[in-house]
Amino acid sequence: MTNHQISSIEDLNAALLSQNPFAKPSSVNANDIWGKEFFDIETINAHASDAVFKALEQIRTGQYSTTSIAITAQNGTGKTHIISRIRHRLQEQDGGLFIYANKYGDLRDLKKEFQRILAESLGKTGAHGVTQWQELATAMINHALKVVKPNPKLYSPKELVKKFESSQTVQVRKWVNDLIKAFLKAKDVSDPDIVKAIFWTLTNEQSLYAIKWLEGQELAQYKSNELELPSQRQSFDAVLQILDLISEYNELVICFDELDTTDAFDEFSGLHISQIVAGLIKDLFQNLKRGVILSVMMPAQWSNKIKQLPGGVSNKVSAQGNPIDLRYMDGEYIVNLVSSRLNTYYAVRNLVPINPFYPFTESHLRDLGKGKPTIREVLDWCKNNCQPPDTSIIEEDPVEAAFAKELEEEITSYLDDNFRLADALLFSFQTVIGQTIERITIKEVTNKVKKRGGKDDYLNFKIIGKENDKDICIGVAVLQYAGGHALGAGLKRLNDYEKFGLTRGCLVRSKAKKLTTYLEQTYLEPLIRVNGGEYVELKEEEIRPLIAIRSVYQKREVDYGVSEEEILKFIAEKGGEKMLGASNPLLKEILSDPCYEVPTDLIEDEPVAVAESIMADVSDSYNIDEAVEALANRLDFM
């Protein structure tokens, strides 16, 4: 069959009945932004994305160094879609590095959370087929080579990653330390350890740990020894230094999304998430040396939340003036959108429709534009009406569709995010209040774990209930920390039944994250054998549906147009099939009777630190002026 042969009506109809071209929920999420595939009609709301790229061009030509842009629009008009367009165009055109913020974690300390967001985003693939961290490291190393060597060979990110990957750890460590010396000759930095961690991202063997360190996470002591880094560097100063390094070589686009969640408030300050993020944007705007800060929100958030903040915060959130408004769809936009989606659908099935709009008509699509619908409304209409003549479509449960979309999200990075994991567990336990699971009738679930009703950084929540007329209070701590102070602090709290009013402590942790024998003997043995607590293994396949349904709930009004009642009904009816609610194995295990046995496969002797250092003591390794000539000779590794 050639491309010009029109397919039979029977074949077209069979395809439409087998899979609806518009079945996928119309909202765009992080998976769409970071993924390779992205469906886009670039003429739709091009004025908004063009404004960002115009600002980047003006920054490149030296008209100014930093600006900020706010985009406002009602639900479904394509706010996140614009961000995805910007991300993909930056990647295609090598137009700068990209940071995407949409999950904010603990609102009480957003600067700490932003360090995680920054490091995670830079860990995504950039324009050269390697991570954005590796792109930055390459630019820094090329800069250093130009300073210490005449006419040096410069390297692409892929070449440099390949060189590091093909070498032994001992050799890589030597290169890293030599390159730090060279780089510090090229540029003043306040913390050379940040430079060292960025260089470590060039080797996949250590990149994961280096990125965790750059996120502000605490490394196990043996790993910090191996990388020759302090165990932790968590501060906004670290963020500012990373931004300063990026600005030396690249423009940066920082995008803030999902600011419209209605119930996202910091209970201590009373501020809404959009207002807290606005404060962060102000700080970033005052410190970012080269880039664009973009935020998207509904007009009401801008008018009722951001504009009401004192100190000129709104002027920092939208330095380019009034927010850019996204437009509703007209007939021409709708025709282009629908025909493009159908063209892709038919092409992958080697089908040629009788017209570009089948099973719709062009006139009907243009008539839709008279009502000025949003993109989401158009796509939802298409989903509900994309059917062969004389057939009907069974309407899909919108909660189930939203849940399926959220299940597509990549959650690997979330498996180290204690706050997010605990939040998903807390929400799921709150949906089963009043139910009896594993012989425990749940009366209350609260994150106010202290006796006076305060929250705690390490003990996440308490489950209060009855078991055979006996009062039960289970304290749950999700502790995915690699080691060090934070892990010890969390384990200590699980054993402090008196302080937190517990009858049982429950540690939730992946078995891949081993505990040292010291932590086992000091905390885990007393918790399990003496205090009757328990360890519950965190498994990705069991926490994934809980994270997904929590995200559906958080986005229920803005992205998915579903109610709390519909979500709870879905959990009740489909929980057994989808591993939700009382049917989730992780929830059941937390409530089940403890086994009083310490899992031996969770315990690992602490590895010895790296015995041999290639370079001299760190305090000597940054004495640049005495070593430049020697470095020039040693940096012939490439």
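The following legends describe close-up views of a predicted model.

**Figure 1. The largest cavity of the predicted model.** The structure holds two cavities of 30 Å³ or more, and about 50 Å³ of space lies in the largest cavity. Its lining is formed by Arg87, Leu90, Gln91, Gly96, Leu97, Phe98, Gly126, Ala127, Gln132 and Glu135. Three elements, α4 (79-93), β2 (97-101) and α6 (132-148), each give two or more residues to this lining. The largest share, three residues, is that of α4. Sorted by class, the lining has four nonpolar, four polar and two charged residues.

**Figure 2. The second largest cavity.** A volume of about 40 Å³ is found for the second largest cavity. The residues that line this cavity are Lys103, Glu406, Glu409, Tyr414, Arg420, Ile547, Ala548 and Ser551. Helix α24 (residues 540-554) gives the most to the lining, with three residues. The lining of this cavity comprises three nonpolar, one polar and four charged residues. Rolling a probe the size of a water molecule over the atoms shows where empty space is left.

**Figure 3. The second largest pocket.** This pocket has a volume of about 1,100 Å³. It is lined by 48 residues, of which Lys24, Pro25, Asp32, Phe39 and Arg341 are the closest to its centre. Two or more residues of the lining come from each of α2 (30-34), α4, α16 (331-347), α18 (375-385) and α25 (556-560). Among the contributors, α18 gives the most, with five residues. The lining divides into 16 nonpolar, 14 polar and 18 charged residues.

Figure 4. Ile211 is found in helix α10 (residues 204-215). Because its relative accessible area is 12%, Ile211 counts as buried; the term applies under 20%. Ile211 and Ile463 are 252 residues apart in sequence. In space, 34 Å separates Ile211 from Ile463, C-alpha to C-alpha.

**Figure 5. The cis peptide bond from Tyr358 to Pro359.** The peptide bond that leads from Tyr358 to Pro359 is cis, with omega near 15 degrees. Pro359 is placed in the loop between α16 and α17 (362-368). Most residues other than glycine have a negative phi, and most peptide bonds are trans.

Figure 6. Glu228, a residue other than glycine, has a positive phi, near 55 degrees. The loop between α11 (221-227) and α12 (236-249) holds Glu228. With a relative accessible area of 18%, Glu228 is buried. For Lys372, also a residue other than glycine, phi is positive and near 50 degrees. Lys372 is located in the loop between α17 and α18. At 59% relative accessibility, Lys372 counts as exposed, because exposed residues are those over 50%.

Conventions
Residues are numbered from 1 along each chain as its sequence is written. This is a predicted model: local features need pLDDT of at least 70, side-chain atom pairs count only at pLDDT 80 or more; totals for chains, interfaces and linings use all residues. Side-chain values use heavy atoms; hydrogens and water are left out. On a 1 Å grid over the protein atoms alone, a cavity is a set of points where a 1.4 Å probe fits but cannot get out, and a pocket is an open set with protein on both sides within 12 Å along at least five of seven lines; lining residues have an atom within 4 Å of a point. Grid points are joined across faces, edges and corners, and a volume is the space filled by probe spheres set on the points. Helices (H or I, at least four residues) and strands (E, at least two) are DSSP runs, numbered from the N terminus. Ala, Val, Leu, Ile, Met, Phe, Trp, Tyr, Cys and Pro count as nonpolar, Asp, Glu, Lys and Arg as charged, and the others, Gly among them, as polar. Buried means under 20% relative accessible area, exposed over 50%, partly exposed in between (1.4 Å probe, protein chains only).
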